[in-house]
Amino acid sequence: MLRAVAALPFMVNWFDEIWQYLEPAWHLVAGSWVQTWDYRAGLRSWLIPELLSVPMGIGHALSPDTTLHLLLVRLTLAALSLVIVGAAVSLGLRLSRLHGILAGFVAATWFELVYFAPRALSEPIGLALLMGAIWLLLAQSKPGPRQFAIAGLLMGLCFVARIQYAPALLTLAILTARKDWRGAWLPLVAGGCGALAIDALANLAMGAVPFRWMIEAARINILEGRAQAYGTMPFTGYFSLIAWYWYLAMVPILLLAWIGAKRYPALLWIALVHLAVHSLIGHKEYRFVLASTALLVILAAIGSADLLRRVPRQRLVLATLAALTVWGGASAVLANGNFRPNWSMEADLAEALEKAGRPGKTCGLALYRPRDTVAGSYALYRRATPIYVLTTPEEARRRAGAFDVVVTPQTHLGELPRDYVLESCAAPGITDAPGCVLRRAGSCTPDPNAPTLQTWLEAGGN
């Protein structure tokens, strides 16, 4: 229920959600799309967009004039994230019913896991696949070759979703397979090869060379340092980010996680390896270490259950209810603390683009004086018309016949031709996203000389 509620409002915290997954998925469903440098350079796999195109296509077929296609994608991803909850419950139940209740409740209600659950991003998708493998390999006393084979498939798909998970996946493999070459490593590798074969077929279907995207991703981001252009932080950057979002809860969570790690030391090692590897990389974003924070929180929940086991039996029920209340309350407080802006980030832009494409007769969209970052998306606009980018009042007047709807920041409303009537301005967010929609009556004549969003992005190297 929490994940379904989180899926309803459409906000865009990280534009990778649009450009790397939703926009190419929309391309598979409806054709028109904005192709960013990632896909032009060939460093993205088509597997996730192809999978997301299934619920997106169903939503578009059922209601082409609404954003049902985006809602179904988010509900699908929210359902996938329940693997994390199931794995946490199973890890706890292996110890006791009390551990299962605490671990499951925390995994189901922790604000970060709820927030990221419906996001079309590689980190939560990869986390769900990683937790599925952990469920098979750590929540059972003695996994057999079948469990290792399925876990290998999930780990391979996790690697395909986000290759940066490789050190964490290798850590899980080493700590669970150990020296069992025939019963563990062989089926584990076989399952992983199966995942790579799936990815190869997915890219072949799009005319892409299998595995080329992995090579290009390493070459461009590591050797050429493209990722550094988006900002860098010191080695301690993630500790600062975690402290910023967890605030006063950071110390007790880490202490409880240390207690819980006595039950599952492998989970702590996976979390630390993942955090350490990403700390070595200059470009840092909080979502990159989602696997680490999720595992630490689950370990902390298990540690809480260990402490509750020391409570006298006649007081255990009340103590458990108190612990659940504290965990739920802490999650709610932190969700509305420093993390609060994330719940509505760029919602004004998403609302403006949705309204711009709402009438079926819309024949052209102009983004007037957009900021340097993301300004538009066909997945949000939903119309197969040109999207132009205009930067001066003179250009807007001269090319007005090519578009009938404009999206612009509120500060530039007075610069547009008078026949464009203001429809609405979304409530301003914390960013400078353009949120006002203006429309004129009449038809459009496409202008081949007007700069489109695609050519504008290419000119800026985006």
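Helices here are DSSP runs of H or I with at least four residues, strands are runs of E with at least two, and both are numbered from the N terminus. The expected span of a helix is 1.5 Å times one less than its number of residues.

A word on the source. This is a predicted model, where local features need pLDDT of at least 70, side-chain atom pairs count only at pLDDT 80 or more, and totals for chains, interfaces and linings use all residues. Residues are numbered from 1 along each chain as its sequence is written, and side-chain values use heavy atoms, without hydrogens and water.

Start with helix H8, residues 122–138. Its 17 residues reach 23 Å from first C-alpha to last, close to the 24 Å expected. H8 is mostly covered, with 16 of its 17 residues buried (under 20% relative accessible area, with exposed over 50% and partly exposed in between, for a 1.4 Å probe and protein chains only).

Next, a helix pair. H9 is residues 145–161, and H11 is residues 181–204. Their axes, lines fitted to C-alpha atoms over the stretch in contact, with angles from 0 to 180 degrees between N-to-C directions, come within 6 Å and cross at roughly 40°. Who makes the contact, meaning heavy atoms within 4.5 Å? From H9, residues including Phe148 and Leu153; from H11, residues including Pro187 and Leu196.

Last, Arg399. Arg399 sits in the loop between helix H20 (393–398) and strand E3 (405–408). Buried or exposed? Arg399 counts as buried, at 12% relative accessibility. Setting aside neighbours within four places in sequence, Arg399 contacts Leu390, Asp447, Asn449, Ala450 and Pro451.

Methods
Contact means heavy atoms within 4.5 Å.
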